[in-house]
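Welcome, and please load the model in your viewer. We will go from one selection to the next and see what sits at each stop.

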Amino acid sequence: MAKLDTLFYFVAHEISSHVRILDRSGGEPLLYTRRLDLQDFFLAEPERESALLAFAQPEGPVLIQVGEEILYGLVQTEAQWIVAGPVLMVNGYKLRCSLSWDEMPSSFPLELQPCSLTHFAELMLLLHDCFNEDVLTLNDCLMDNSTLRESGEGRKAELQRQVHGKLEEQEKHNPYDHEQREMSCIENGDLQGLRMAWEEQFSGSFGTTSRDPARNGRNLATIVVAFATRAAIRGGVLPELAMSLGDVYMQKIDVIPNLFELGNLVKAAEYELTELVIEAKKRITRGGAAGEDPLILGCKDYIFNHLHSKLTVREIAESLGVNPNYLSTRFRQQTGATLYRYILDEKINLVKNLLLYSEKSYSEIASTLGFSSQSHLGTHFREATGMTLQQYRNQYKKPTGKGRSTMIAP
């Protein structure tokens with residue numbers, strides 16, 4: 001029992017409140033606390049204590065909200081109820097189990113220790129796990145105590161109504177395999193296949209994410225762009241680049257005044273992302289004619305996938321299992337360029353894309369790609385292109401046309 005005493009006092013100390021042990025057979029309750037000054041006015045009434053204990057369940061901890069901001073935790077064991085609290089809930093969540101308290105003294109919340117819902121749930125899990133073989137995760141606990149649990153049956157009923165309604169009206173969604181073909185074209189850099197997918201026609205309809213037609217259209221367009229962004233990443237486009245371009249289009253979707261242009265806007269996003277995949281695949285295999293040294297191809301592939309870090313020859317060599325000096329010599333013999341020059345050229349190519357396809361500041365781009373400062377990046381960029389970062393962005397970043405990009409990086 002001494003170990004449990006230590007545990008209960010630990011929890012009481014962490015929440016700066018009380019931990020009560022209530023005997024389910026009616027024995028004397030035990031109180032563990034460091035706050036002898038704290039009077040629990042809510043549980044002072046027997047009927048309120050009974051109402052709180054009615055929420056107990058053996059499967060896991062129960063988090064109980066009293067009013068808007070008071071929080072209790074309840075753990076049920078074979079012989080006891082463990083009640084922790086009260087604490088002041090700082091997150092402002094709405095929990096599945098709640099009790100009202102109209103006559104709460106205005107000074108009562110001021111006496112309580114603020115506690116995040118996550119930390120409080122972790123402490124309740126600690127108590128639960130000490131008495132149960134089944135170990136729950138924090139996510140299990142939070143989901144079990146959220147209002148989503150209550151609405152589960154309602155969602156199932158709504159799902160059945162939706163399915164039966166569409167069957168009766170002989171209405172169905174557009175086929176899933178078409179979506180797969182479209183995303184596959186983006187992932188593989190297949191512009192011709194993407195255009196053919198756009199021309200396919202179906203008797204089905206798009207989904208309904210909102211009863212407001214305008215909001216529904218924007219939601220669906222955003223979903224397609226999100227899927228296309230992930231397909232481009234799978235195709236080899238750097239995540240930051242693909243997601244930045246996706247963000248640009250999602251922001252346009254959110255404010256476009258003419259909803260009839262949503263389809264063209266989505267196609268423009270898909271087209272640009274597919275072009276980025278094509279360019280990414282070219283960079284991966286640049287110089288990769290038949291018979292090129294597999295070590296050099298592996299080296300180029302590693303560089304492409306780590307352009308966001310401060311790459312060193314030693315790091316690349318270790319990843320390939322070779323000596324750094326040997327790799328440097330072999331690379332120069334095969335390509336005619338030093339590894340340093342190759343890495344810098346690849347970073348400059350990525351800088352060009354970020355200048356065109358993202359809204360990142362010059363200092364953010366420098367930090368993202370491992371340059372020591374914006375000035376450091378600017379010096380190398382000007383040496384490579386003959387232009388400043390601002391001149392390049394101003395000259396080449398143009399508005400997007402219908403169906404494809406008009407932003408062209410030289």
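Two strands count as paired here if DSSP finds at least two bridges between them. Keep in mind on the way that this is a predicted model.

**First stop: strand 1.** Select residues 18–23. Of these 6 residues, 5 are buried, so strand 1 is largely enclosed by the rest of the structure. Click on His 18: its bridge partner in strand 2 is Thr 33. The hairpin has 6 residues between these two strands, and among them Gly 26 takes a positive phi near 100°.

**The other neighbour.** Show residues 80–89, strand 5, which pairs with strand 1 in the antiparallel sense over 5 bridges. Here Ile 21 stands opposite Ile 82.

- Select Arg 20 and Asp 40, whose closest N and O atoms are 3.2 Å apart. This pair links strand 1 to the loop between strand 2 and helix 2, 20 residues apart. Arg 20 is buried at 15% relative accessible area, and Asp 40 is buried at 8%.
- Next, pick Arg 48 and Glu 103, with closest N and O atoms 2.2 Å apart. Arg 48 lies in helix 2 and Glu 103 in the loop between strand 6 and strand 7, so the pair ties together parts 55 residues apart in sequence.
- Finally, show Lys 94 with Glu 68, at 2.6 Å between the closest N and O atoms. Is Glu 68 buried or exposed? At 55% relative accessibility, Glu 68 counts as exposed.

How values were computed. Residues are numbered from 1 along each chain as its sequence is written. This is a predicted model: local features need pLDDT of at least 70, side-chain atom pairs count only at pLDDT 80 or more; totals for chains, interfaces and linings use all residues. Side-chain values use heavy atoms; hydrogens and water are left out. Buried means under 20% relative accessible area, exposed over 50%, partly exposed in between (1.4 Å probe, protein chains only). Helices (H or I, at least four residues) and strands (E, at least two) are DSSP runs, numbered from the N terminus. A salt bridge is a side-chain nitrogen of Lys or Arg within 4 Å of a carboxyl oxygen of Asp or Glu.
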